[in-house]
Amino acid sequence: MSQTPLGLVRAAPAAPYTFTFDGRILTALPGQTLAAALWAAGIMSWRTTRGGGAPRGVFCGIGVCHDCLATVNGRPNQRACLVAVQPGDVVTVQEGTGHDATR
Amino acid sequence: MSAPSLDAVIVGAGVVGAACAYYATRAGLSVAVVDRGPVAGGTTGAGEGNLLVSDKEPGPELELALLSTRLWRELAAALPPEDAVEYEPKGGLVLAPDETALTALRAFAAGQCAAGVEAREVDEHELAHLEPELTKGLAGGFHYPQDAQVQPARAAAALLRAARSRGALVRLGEEVTAVLTGPHGAVRGVRTPRGELHAPAVVNATGTWGGRLAALAGTRLPVLPRRGFVLVTEPLPPGLIRHKVYAADYIADVASDSAALQSSAVVEGTPAGPVLIGATRERVGFDRTLSTEALRRLAGQATALFPRLADVHAIRTYCGFRPYLPDHLPAIGPDPRVPGLHHACGHEGAGIGLAPATGLLVTAALTGDEPPVGAWPFRPERFDSRGPADDFSDPFDRPDGPPPSPGART
């Protein structure tokens, strides 16, 4: 958590908690979005496109573009820039539509 | 600015204007296409790209649709592959939830078959084979192999590009501010903020705004907007939904004159992955306000047909305005009240499907050739016998803004 705006706004968040990303244990602050938590951990990509398999992460960051989709607790197509991390969330890289495995 | 001499100015760069330009240039005519916005910026861009015969009763519109079905198949093969219009001859599946609906659907389909439509009854067992995710317990349905789909914005762009390669002038972001007429009242071109374009013919392909262009030309065409919402899901694996699937009550909605909100979900997959769920119908003028009630109904009906969709996210929605005329038929052909003015608008929710046949009809009128189908039912002056105020009696149905004052004409 080397770069956060917490100091700028004199925030005093409650204690961080953990979640997993493809099995790695990461931490998030209460209310932090998944995209922010992944970025803070240095992770820039968590989806591959359904056509060419190209990596994707945050593009617009405000819930419009649907580029930052991730699979959270087994549910695909969650916008990482909008979803707040919950303690114990299991986040996985989303491949393609995210529904392919459930066909 | 002097432009080369033109045979026709086509106003509107939606799919109908693009199809008019395509067939006119193929016939050797020199045309300009002018639009105040971008390609497919109006109703074309808000459609699903339905090429349907299944929802049409026997009559002139079905005849136009059957011709267009053949033409789209030709176009899909003739347009360059880099202009892929996502033509999918996927077929339609019309569902009857109960025996009463099935009996009505049988009678409807029998009439269609007599008029040249291919339709085949399928029982519950075969329904499950054709659409594995479909809900169980339906009485039956009909399969319409001629129903197809294109991506409408790509289709309009591809037709325009082909027309341009044959010399068509395409001027976007340029609003027609006046229809120019000569001393005897005949059309001689249009004026835009960039100058004048001169031609002995002007084609009104302005869709839902067709009444306005008619007013600019000093005549009247009662085109009114009928709003529709489409719901778009997250991308799903290909093959989940294979046909255009809808319940039989959609047909009644299409033909209805009611102003109230109507919805009957038409569900279909797309090559890109999202499933499209359309469409509502309501007469609220040009109001773009999001209607959660409309979306709730669409979602409810779609999940009733495909229970699997209940777990799927809807990621966005869009709305548009179908251009409808009081008798639900388009206005196609020369306007005897204003020599040189041609209309190609008012296709309601069927404009993508009917565009090629419309382009051929307009081209035949421009060249003086025999039309491919009878154009009489589509004659633009057919509403003249009604009182002048009749069609605009509902204040919510007025075209946006008052008609331009006669002083604006030249």
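Mentor: Domain bounds, as used here, are taken from an automatic or database domain assignment. This is a predicted model, in which local features need pLDDT of at least 70 and side-chain atom pairs count only at pLDDT 80 or more, while totals for chains, interfaces and linings use all residues. Residues are numbered from 1 along each chain as its sequence is written, and chains are lettered from A and ligands numbered from 1 in the order in which they are written.

Trainee: Which domains does the assignment give for chain B?

Mentor: Domain 1 of chain B covers 8-48 + 153-223 + 327-408, and domain 2 covers 92-145 + 225-324. Taken over C-alpha atoms, the centres of domain 1 and domain 2 of chain B are 30 Å apart.

Trainee: How many residues of each domain take part in the contact?

Mentor: Two residues are in contact if their C-beta atoms, placed from the backbone, lie within 7 Å. Domain 1 of chain B contributes 19 residues and domain 2 of chain B 21 residues. For classes, Ala, Val, Leu, Ile, Met, Phe, Trp, Tyr, Cys and Pro count as nonpolar, Asp, Glu, Lys and Arg as charged, and the others, Gly among them, as polar. The side of domain 1 of chain B that touches domain 2 of chain B has four nonpolar, nine polar and six charged residues.

Trainee: At what angle do helices α2 and α9 of chain B cross?

Mentor: Helices (H or I, at least four residues) and strands (E, at least two) are DSSP runs, numbered from the N terminus. Axes are lines fitted to C-alpha atoms, for helices over the stretch in contact, with angles from 0 to 180 degrees between N-to-C directions. The axes of α2 (residues 60-78) and α9 (residues 351-367) of chain B come within 7 Å and cross at roughly 85°. That makes α2(B) roughly perpendicular to α9(B) (65 to 115 degrees). Their contact has ten nonpolar, two polar and no charged residues. Among the residues that meet are B:W72 in α2(B) and B:P356 in α9(B).

Trainee: In what order do the five strands of the open sheet in chain A stand?

Mentor: Strands pair if DSSP finds at least two bridges between them. The order in chain A is β2-β1-β7-β5-β6, with mixed pairing. β2 (24-28) and β6 (75-79) of chain A stand at the edges with a single partner strand each, so one side of each is left without a neighbour in the sheet.

Trainee: Over which residues of chain B does pLDDT stay under 50?

Mentor: pLDDT is the predictor's confidence in each residue, from 0 to 100. In chain B, pLDDT stays under 50 over residues 387-410. Where pLDDT is low, the predicted coordinates should not be read in detail.

Methods: Angles under 35 degrees count as roughly parallel, over 145 as roughly antiparallel, 65 to 115 as roughly perpendicular and the rest as oblique.
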